[in-house]
Amino acid sequence: MKVPEPPERWRGLTAIDGALALIAVLLIVQLWLLSATLESFLAGHRETALPAAFASGVMLFACFGLYLFVEKVDREARKR
Amino acid sequence: MPLFRHPEKSPLWRDEFSIHAADERYVTRRQFAKFLTLASLGMFAGNLWILLRAWFYKKPVYPTTHVASLGEIPVGDVKLFHYPTAQEQCILIRLSVDAYVAYSQKCTHLSCAVYYAPEHQRLECPCHEGYFSVRDGSVLQGPPPRPLPRVVLEKLGNDLFATGIEIQSSG
């Protein structure tokens, strides 16, 4: 038997999907940054390590912020 | 957001296995977001590791090792030797009567052994056809991202000695 559910339960999903897409894009950039930094380090350019780590940290911060947003939307959807 | 679940709240399984289809979609998306954020943390840890390696980098001290005697190998010929450790294979090439060059034999792409092709005056990697100049080890063609590490040679009397390794950048 199908349990009827209010339509507002589905509303937060679009916002969550958008946040997930942004996290995925940030992750791809972070992956590229890691491989480029490693390549540069192995070639003897150690000066790139600090700005790369900083940029990666900023992206981690953004990912975590988006994750908190997903959690918040999820919690609000549960309350409905 | 609380880090830990309150014990008096409804059990976790009731949230994770809801009878509503929409709730299930929320759960899968939330778990996926958590997974991606942890992957992001992993990438940051990797960058941090490189940063620590760069900060605590110490210039390696290379031993002085006898490689060959002058005139031991004919012009255009090669001699393989190990430097700086017994696991690192290198290649010594005699370009002319008194010109010698030596490089690490590991291709900078995927570490296959490179060999000398005298007819083309280059070092060739058979795995993915990466070619290096025999004059300076620079990349001529193929996927290798960096030139071959060059072994520093010194002539002492009638002998050739390896005294260090020069990491060359492609820039």
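This report describes chain B of a predicted model, one of its residues, and its contacts with chain A.

## Overall architecture of chain B

The secondary structure of chain B consists of two helices and 10 strands.

Chain B has 171 residues, of which 25% are buried. Among the contacts in chain B with a separation of 6 or more, 34% are between residues 24 or more positions apart.

## The surroundings of B:Pro84

Where in the chain does B:Pro84 lie? B:Pro84 belongs to the loop that joins strand 2 (78–82) to strand 3 (89–96) of chain B. This proline has 18 C-beta neighbours inside 10 Å and therefore counts as partly exposed; a buried residue would need 20 or more, and an exposed one 12 or fewer.

Which residues are in contact with B:Pro84, once its neighbours within four places in sequence are left aside? They are B:Tyr62, B:Pro63 and B:Ile165. B:Gly164 also illustrates how the fold brings together separate parts of the sequence: B:Pro84 and B:Gly164 are 80 residues apart in sequence, yet their C-alpha atoms are 7.8 Å apart in space.

## The interface with chain A

Chain B also touches chain A: 32 residues of chain B are in contact with 40 residues of chain A. On the chain B side, the residues that touch chain A comprise 19 nonpolar, seven polar and six charged residues.

Key:
Residues numbered from 1 in each chain as written. Chains lettered and ligands numbered in written order. Predicted model: local features only at pLDDT ≥ 70, side-chain atom pairs only at ≥ 80, totals over all residues. Helix = DSSP H or I, 4+ residues; strand = E, 2+ residues; numbered from the N terminus. Contact = placed C-beta atoms within 7 Å. Nonpolar A, V, L, I, M, F, W, Y, C, P; charged D, E, K, R; others polar.
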